[in-house]
Amino acid sequence: MQKKKGPSRFETVALHGGYDVEQKTMSTAVPLYRTTSYNFRSSQHAQDLFALKEGGFIYTRLGSPTQQVLEERMSLLEGGAAALALASGTNAIFYTIINICSHGDEIASSVNLYGGTYSMFSDIIKQFDINVNFFNPAEPGSLERALSPRTRLVYAETIGNPTLDFADLEALASTARAHGLPFVVDSTFTPPCLLRPIGHGADIVIHSLTKWIGGHGTAIGGIVIDAGTFDWKDPKFSLYNDPDTGYHGLRFARDLGEFNRIAFIMRMRLVPLRNLGGCISPDNSWIFLQGIETLSLRMERHCSNALAVARYLKDHPKVSWVRYPGLAGDPGHDVAARYLKNGFGGMVVFGVRGGADEGKRFIEGLDLFSHLANVGDAKSLAIHPASTTHSQLSPDEQSRAGLAPDLVRLSIGIEHIDDIIADIDQSLRGI
Ligand SMILES: *Cc1c(COP(=O)(O)O)cnc(C)c1O
């Protein structure tokens, strides 16, 4: 299956990108290849595949045709050069870090992070002697202070968990570029119909496919998109310039010929994925392709519903504060409005008057909303992050990350807006 040329508008690529009708069966849907392995035509064919002299499929841990369509489609939608789909968003983030850093290196990361990412950066990568310096994207100069000669990448989320502050991507990208560092952006809260970070200076874009891209709360997956913009030849990136013993001395930044441009994603497939094994299943690749087909339609509804909920909460006497980047007057609105032209996403956070206990009571009083730890489902969801998703953070860390104890997080679905507001209204009235 080769890449489909032709129309380049988002809605069209979402349906056709990366797939030419498979000629043996003429299947109009992208075929799902449920197999672990692919037969070699000959010993020479086997040898050439392993020596990277020829492209093709060997073993599903390294890739599958269904996955390849997902990767090409996502890469086209993000304006990237290549992509690698993985078992989860978390896996995508971890492989990104270890595909750039080794022991003694540092990363500079925004402090507004998904809870699991915060724990990975502050606790787990330390085991490999990779250390994090957090910065606050809202404070000018904060990123510069987080950099050192050992820094190897700059990391941020677009709409940051959990405060929904929007990071000024171009400012961060220009600082990263001035220091010769790749800029890595977790764009999960802004699927590519809302924002394409590569156009704003990102070198690497990560998504948890689990959220709006899958869109129905049915599968876990992640993807990393390589813009093909970063030159890894600086010797400080030792993983790209020192000869790789697993590939007979190959230097990823120098010896890949036409693929040098996508050295990052090539190395991620050939080293962390191949030998650590966090692969996506063909079934989940197929599910995410289904999600992408309707992504832009669903996002329109997620965004308009979330804005209506934010406006409703803003005027409610039982609500002490509300944050939504699309709300005029929100502290993050001006920056967000510079980047987001098609809506401000599906997340709304707010505080119930009375504090955390009242907030928990509000969540328990909801009928239509599901109380669970996910975002980006077609169905509306609610959770209290301080006692759940971000409970691994100490109270001090929670406050530095901007997580108020009373914060209630809503992921607004695509139900009818009247039913969503009626449910919030009845629960607020009950407390
Ligand atoms: C969910 C999420 C992740 C982790 O993705 P999984 O697919 O759950 O592993 C990372 N970043 C953000 C912003 C997320 O919302």
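1. Start with strands β4 and β5 (residues 183-186), which pair in the parallel sense over four bridges. If you want a residue to look for, take Y155, which stands opposite V184 in β5. Bear in mind as you read that this is a predicted model.

2. How much of β4 is covered? Strand β4 spans residues 151-157, and seven of its seven residues are buried. On another pairing, β4 runs parallel to strand β2 (residues 106-110), again with four bridges between the two strands. Y155 turns up here as well, as the bridge partner of S109.

3. Now zoom out to the whole sheet. It is an open sheet of seven strands in the order β1-β7-β6-β5-β4-β2-β3, and the pairing is mixed. Which strands stand at the edges? They are β1 (82-86) and β3 (131-135); each has a single partner strand, so one side of each is left without a neighbour in the sheet. Ignoring direction, neighbouring strands here are turned by 20° against each other on average.

4. Helix α3 packs on it and touches β1, β6 (204-208) and β7 (222-226), with its direction at about 130° to that of β1. Helix α7 (residues 169-178) packs on the sheet too, touching β3, β4 and β5, and its direction makes about 150° with that of β5.

5. Helix α3 (residues 65-78) also has a helix partner: it packs with α10 (residues 282-293) at an angle of about 35°, the axes being 8 Å apart. The crossing of α3 past α10 is left-handed. On the α3 side the contact is made by T66, Q67, V69, L70, R73, M74 and L77, and on the α10 side by P282, S285, W286, F288, L289, I292 and E293. Sorted by class, that contact has nine nonpolar, three polar and two charged residues.

6. R361, F362 and G365 of α13 meet I424, Q426, S427 and L428 of α15. The residues of this contact divide into three nonpolar, three polar and one charged.

7. Five strands make an open sheet in the order β8-β9-β12-β11-β10, with mixed pairing. Its edge strands are β8 (319-323) and β10 (370-371), each pairing on one side only. At the β10 end, two bridges join β10 to the parallel strand β11 (residues 381-383). To locate that pairing, look for H371, whose bridge partner in β11 is A382.

8. A couple of backbone angles deserve a second look. Most residues other than glycine have a negative phi, and most peptide bonds are trans. M26, though not a glycine, has a positive phi of about 65°; you'll find M26 in the loop between α1 (10-16) and α2 (43-50). H248 is not a glycine either, yet has a positive phi of about 50°. H248 sits in the loop between α8 (238-241) and α9 (263-276). Is H248 buried or exposed? At 81% relative accessibility, H248 counts as exposed.

9. Last, have a look at N342, in the loop between α12 (333-339) and β9 (347-352). N342 is exposed, with a relative accessible area of 51%, so it clears the 50% cut-off. Which residues does N342 touch, leaving aside those up to four places away in sequence? They are C193, L194 and C303. N342 and C193 are 149 residues apart in sequence, but their C-alpha atoms are 7.4 Å apart in space.

Conventions. Residues numbered from 1 in each chain as written. Predicted model: local features only at pLDDT ≥ 70, side-chain atom pairs only at ≥ 80, totals over all residues. Heavy atoms only, no water. Contact = heavy atoms within 4.5 Å. Nonpolar A, V, L, I, M, F, W, Y, C, P; charged D, E, K, R; others polar. Axes fitted to C-alpha atoms, helices over the stretch in contact; angles between N-to-C directions. Left-handed = near helix turned anticlockwise from the far one by under 90°. Buried < 20%, exposed > 50% of the residue type's maximum accessible area, 1.4 Å probe, protein only. Pairing = 2+ DSSP bridges.
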